[in-house]
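This report describes one protein chain, from its surface and overall form down to individual side-chain pairs. The sequence and the structure come first.

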Amino acid sequence: MEWLIWLGAAVSLAGLLGLFGCIIKVWTAKRAGLDDDGLREVMRKIVPLNMATLLLSVFGLAMVMVGILLG
């Protein structure tokens, strides 16, 4: 089950990188000096991506836990 641990770590890392990508996108939008409506539009697009990457990271951590318990 060692492969499940490593695969889960890779999936979790991919989710974490996605979260950092969301943070960078919002940060650049704030620094661009957008008005309130423009910032809301950026946030409206980022929130589903943020939730998906968070879920991906959780699935990766669950895979690691299952790998540890079965190994």
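## Surface and charge

Of the 71 residues, 21% count as buried; buried means under 20% relative accessible area, exposed over 50%, and partly exposed in between (1.4 Å probe, protein chains only).

The chain carries 6 positive and 5 negative side chains, and the centres of the two sets are 3 Å apart. Lys and Arg count as positive and Asp and Glu as negative, while His and the chain ends are not counted. Each charge is placed at NZ of Lys, CZ of Arg, CG of Asp or CD of Glu.

## Basis of the model

This is a predicted model, in which local features need pLDDT of at least 70 and side-chain atom pairs count only at pLDDT 80 or more, whereas totals for chains, interfaces and linings use all residues. Residues are numbered from 1 along each chain as its sequence is written, and side-chain values use heavy atoms, with hydrogens and water left out.

## Overall form

The chain has two helices and zero strands (DSSP runs numbered from the N terminus: helices are H or I, at least four residues; strands are E, at least two). Its radius of gyration is 16 Å, well over the 11 Å that the globule rule gives for 71 residues, so the chain is more spread out than a compact globule. The radius is taken over C-alpha atoms, and the rule is 2.2 Å times the number of residues to the power 0.38.

The C-alpha trace spans about 55 × 15 × 10 Å along its principal axes. Among contacts with a separation of 6 or more, 83% join residues 24 or more positions apart; contact means heavy atoms within 4.5 Å.

## Ser 57

Ser 57 is in helix 2, residues 36-70. Its relative accessibility is 11%, so Ser 57 counts as buried. Leaving aside residues up to four places away in sequence, Ser 57 touches Ser 12, Gly 15 and Leu 16.

## Salt bridges

There are two salt bridges in the structure, each a side-chain nitrogen of Lys or Arg within 4 Å of a carboxyl oxygen of Asp or Glu. One joins Arg 40 to Asp 36 at 3.2 Å, N to O. These two residues, Arg 40 and Asp 36, are four residues apart in helix 2, so about one helical turn separates them.

Arg 44 and Glu 41 form a salt bridge at 3.1 Å, N to O. Arg 44 and Glu 41 are three residues apart in helix 2, and are therefore also separated by about one helical turn. Arg 44 is exposed, at 55% relative accessible area, whereas Glu 41 is partly exposed at 35%.
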